[in-house]
Amino acid sequence: MNKLYWVALKSLLTKEITRFTRIWIQTLIPPIVTMSLYFVIFGNLIGSRIGEMGGFDYMTYIVPGLIMMSVITNSYSNVASSFFSAKYQRNLEELLVAPVPNYIIIAGYVGGGVGRGLAVGFLVSLVSLLFVDLKIAHFGIIVATVFLTSVLFSLGGLINAIFARGFDDVSIIPTFVLTPLTYLGGVFYSLSLLPEFWQGVSKLNPIVYMVNAFRYGFLGISDVSITTSFGVLLMFIAGLYTVAWYLISRGVGLRS
């Protein structure tokens, strides 16, 4: 990589990581509190009545999904809010006219989203140890899944920010698309509990593959093929990266 490009990437990454760590009370603590409530309500209170799922007690079964849910929402929201703020304050224009390739701009913002997603995922994992004795079956799959998922939703947040015209637009996709897909993504249940038709419908939801791959890394069980899960992840990353690169190259939603 060109030395100047490396400096640009390093500067963007530093800015993005500093941005969410400086206000850690707003960016890192709320997800921990929210997930702790999920652990208590769905795990301890409701889980004790449900019993086992997939050969594990309900609390242990849902923990990987809850960790993944926190990674998804925080990776997405970090890039969406940061990129839109830069666009709204018009300091993004300085970056666009600078001799910096679009892939560096994308990598810088996505890197910040990945950093926050991984940080929140790690902290939520630590909190989960207060509730369950979490085992690790396949460490490599855990790392690969959480990283690729964070990259995917960081790209999604970037595209959301490009099209957003106001701060309200930044919250539309998370509220009406991301949240329903996450709750229907197998976080709280096994697809095997659904009728065959709805199992097929559920497999159209990409989050199902991410949650199940992550659960496989911890518990060694999955409702879908792990190979298929990684194939879906890579396919969506390639697609969203292409869209993001095209939009920035064309200046869609970025130039007055």
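Me: Does lysine 135 count as buried or exposed?

Reply: Lysine 135 is exposed, with a relative accessible area of 51%. Buried means under 20% relative accessible area, exposed means over 50%, and partly exposed lies in between, with a 1.4 Å probe and only protein chains considered. The model is predicted, so local features need pLDDT of at least 70 and side-chain atom pairs count only at pLDDT 80 or more, while totals for chains, interfaces and linings use all residues. Residues are numbered from 1 along each chain as its sequence is written, and side-chain values use heavy atoms, leaving out hydrogens and water.

Me: Which side chain does lysine 135 meet in a salt bridge?

Reply: A salt bridge is a side-chain nitrogen of Lys or Arg within 4 Å of a carboxyl oxygen of Asp or Glu. Here the partner of lysine 135 is aspartate 133, at 3.1 Å from N to O. Aspartate 133 is exposed too, at 57% relative accessibility.

Me: How many salt bridges does the count come to?

Reply: The rule gives three salt bridges. One of them joins glutamate 93 to arginine 90, with N and O 2.8 Å apart. Glutamate 93 is partly exposed at 32% relative accessibility, and arginine 90 is partly exposed at 48%. Another pairs lysine 15 with glutamate 16 at 2.6 Å, N to O. In that pair lysine 15 is partly exposed at 40%, whereas glutamate 16 is buried at 0%.

Me: How many helices and strands are in the protein chain?

Reply: Secondary structure is read from DSSP runs, numbered from the N terminus: helices are H or I with at least four residues, and strands are E with at least two. The protein chain has eleven helices and two strands. Their order from the N terminus is α-α-α-β-β-α-α-α-α-α-α-α-α. The radius of gyration is 19 Å, close to the 18 Å of the globule rule for 256 residues, so the chain is as compact as a globular protein of that length. That radius is taken over C-alpha atoms, and the rule is 2.2 Å times the number of residues to the power 0.38. Along the principal axes, the C-alpha trace spans about 60 × 40 × 35 Å.

Me: What share of the contacts is between residues 24 or more positions apart?

Reply: A contact means heavy atoms within 4.5 Å. Among contacts with a separation of 6 or more, 81% link residues 24 or more positions apart. Of the 256 residues, 48% count as buried.

Me: Where does UniProt place the feature "transmembrane region"?

Reply: UniProt annotations may be inferred rather than shown by experiment; positions follow the numbering used here, and feature names are shortened. The unreviewed entry places the feature at residues 23–46, 58–84, 104–132, 139–164, 170–194 and 230–248. In the model, residues 104–132 are 86% helix and 0% strand, with end C-alpha atoms 40 Å apart. Residues 170–194 are 56% helix and 0% strand, and their end C-alpha atoms lie 33 Å apart.

Me: Which residues make the nonpolar surface patch?

Reply: Patches use residues with over 30% relative accessible area and no salt bridge, joining like charges within 9 Å and nonpolar side chains (Val, Leu, Ile, Met, Phe, Trp, Tyr) within 5 Å. Areas come from the Shrake-Rupley method with a 1.4 Å probe; for residues, only the protein chains shown count as cover. Here Trp24, Ile25, Ile29, Val33, Leu37, Val40, Ile41, Leu45, Ile46 and Ile50 make a patch of about 870 Å². Helices α2 (24–27) and α3 (29–50) each supply at least two of the residues, and α3 gives the largest share, eight. Leucine 45 lies in α3 and is exposed at 53%.
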